[in-house]
Amino acid sequence: MTIQSATRPSDPRSAASAELAEAPRRRLRLRHGHPGLVLSLILTSQLMVVLDATIVNIALHDIKNSLGFSSAGLSWVVNAYTLTFGGLLLLGARAGDILGRRRVFLAGIALFTLASLVGGFATNPGELLVARAVQGVGGALASPSALALLMTMFPEARERTRAIGLYTAVSIGGSAVGLIAGGMLSQWASWRWVLFVNVPIGLVLLVLARPTLPETARQPGRFDLAGAVTSTLGMTALVYGFVNAASDGWSNARTIESFAVGLVLIAGFVRIELTAEAPITPLRLFASRNRSSSYVARLLLVAGMMGMFFFLTQFLRGVLGYSDLKTGFAFIPLTAIVFTASQLSARYLVEKVGAHRLMIIGISFSTLGMLWLTQLGENSGYLSLVGPLLVFGMGNGLAFVPLTTAALDGVDPKDAGAASGLVNVMQQVGGSLGLAVLVTVFGSASKSATAHLPAGISSGEAARRVFVTAADKSFWTATIFLVGTLLLVSFAIRSERKPTASAPDGEPVPAFAD
């Protein structure tokens, strides 16, 4: 892949030129000398941050036994990370704009690495959850700065699409890689190594990124701390409400209070953003119909995807009796097809088929794959999973590249950090809310299935039957998420314009009609 220079002296209005103009010359010369290394650093950091949302999934059984988590509380090992990550991403993006993206990227990686080390030594649930939450803070600082730097470095449409294709492959394939890595580490070492593994990777990134990545000019502005706090606490309260409903019921006072507090905080967040001098979520980003629709579509798609990972790992462990290692390797077909499909999408299909049409095709495949999973039963073997995994993975690989392009299309350079942050916010919040909803459905279905068990069956058979029945209801709910995504993409997003080189004033022409 040919990597274009991010500076274009012949076009002084270029956003990339303006943003890098004030970086030290030594940094620019080094970046031009190692373009592959710069891209590799961005992709490696994104992989480390993304796979941590799923790498613990396979280790959950061992974590539960080691630290004494309850069944309902176990989902917080995942949600403690994804909530702080998703809730603070926009603040992290704003910090990159104000303080410089390389500086914020390095701070995020350092915090993420330290939290991984501390979490690996956790001796009780509270210590692990705090470490996971701090990991999320580090990821929220690093991830949007990495994507914004990538957008700056690739100003040309074709090269940017290919770079986004690699970034997307890492972002969605990283979830599957996390399952494989988690299985290997849990089997060969200990569940603690799903956290320790980040330490050497983070240290290498810190050593190489400082002299290699370009620094961006600082922009004047303030931090919207009120917006960051209300959005994060609001989403946390909503997720807590769903998880509590799974264990204590919808009429439980704590469940009702959690939902009420969450809705009040989210409403307060919107009010703050409408009046803030420098909001972490510029509401003008939602003025584009295509962009706002792509955000919601990503949220719904990831909501279904994260639930699939959560329940399939338990199916492989609890029903099929797989070891940690075998469970991890069971997801290799998904990882391979996601990477292949995303590269085909970025390099050929977006241009040949069209971004809008490719979204519809991809999400249709994802929906069919999830629907296929509803056919799993107590006697299903691994071969019954391969087909759904391949179809679902192909759909996600095809759809995420054009979805990402639509989310960043036509964004003003001054909003690049916030727009990049929103892409990741929707992915993380979608995963947290989706998992919370599906765990709630699973909990209610488990109680119903347990009450209707026939007499005389063994405890092992009863546990398998209850799990399969409840997981089936969760897969149906995830399918509803994906049907909603398909309808949204089909009717809310408008087809792209015919490609043109540039507008008369030298600025890029948006790829989509709005």
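**Figure 1. Leu349, a partly exposed leucine in helix 15.** Leu349 has a relative accessible area of 26%, so it counts as partly exposed, a label for values between buried (under 20%) and exposed (over 50%), worked out with a 1.4 Å probe on protein chains only. You'll find Leu349 in helix 15, residues 332–353; helices here are DSSP runs of H or I with at least four residues, strands are E runs of at least two, and both are numbered from the N terminus. This is a predicted model, where local features need pLDDT of at least 70 and side-chain atom pairs count only at pLDDT 80 or more, while totals for chains, interfaces and linings use all residues. Residues are numbered from 1 along each chain as its sequence is written, and side-chain values use heavy atoms, with hydrogens and water left out. Leaving aside residues up to four places away in sequence, Leu349 touches Leu344, Gly354, Leu358 and Leu398, where a contact means heavy atoms within 4.5 Å. Leu398 sits 49 residues from Leu349 along the chain, and their C-alpha atoms are separated by 8.4 Å.

**Figure 2. Leu408 in helix 17.** Helix 17 covers residues 383–408, and Leu408 is part of it. Leu408 has a relative accessible area of 9%, so we call it buried. Its contacts, apart from neighbours within four places in sequence, are Met151, Ile164, Ala419, Ser420 and Val423. Look for Leu422 too: Leu408 and Leu422 are 14 residues apart in sequence, and 9.5 Å lies between their C-alpha atoms.

Figure 3. Around Leu438 are Ala303, Gly307, Phe311, Ser474, Thr477, Ala478 and Phe481, its contacts once neighbours within four places in sequence are set aside. Phe242 is 196 residues from Leu438 in sequence, yet the two are 8.9 Å apart, C-alpha to C-alpha. His452 sits in the loop between helix 18 and helix 19 (459–492). From His452 to Val466 is 14 residues in sequence and 9.5 Å in space, C-alpha to C-alpha.

**Figure 4. Arg291 and Ser231, two buried residues with polar or charged side chains.** Arg291 is in helix 13 and has a relative accessible area of 8%, so it is buried. Leaving out residues up to four places away in sequence, Arg291 touches Arg284, Leu285, Ala406, Ala407, Asp409, Gly410 and Val411. Ser231 lies in helix 11, residues 225–248, and is buried too, at 9%.

Figure 5. Helix 10 (residues 198–212) has 15 residues, and its end C-alpha atoms are 21 Å apart, which agrees with the 21 Å it should span at 1.5 Å a residue; the expected span is 1.5 Å times one less than the number of residues. Its buried residues are Asn198, Val199, Gly202, Leu205, Ala209 and Thr212. Helix 12 (residues 253–275) has 23 residues and reaches 33 Å from first C-alpha to last, close to the expected 33 Å. In helix 12, Thr255, Ser258, Phe259, Gly262, Phe269 and Glu273 are buried.

Figure 6. Rolling a probe the size of a water molecule over the atoms shows where empty space is left.

**Figure 7. The whole protein, for context.** The protein has 19 helices and zero strands. Of its 514 residues, 57% are buried. Among contacts with a separation of 6 or more, 83% join residues 24 or more positions apart.
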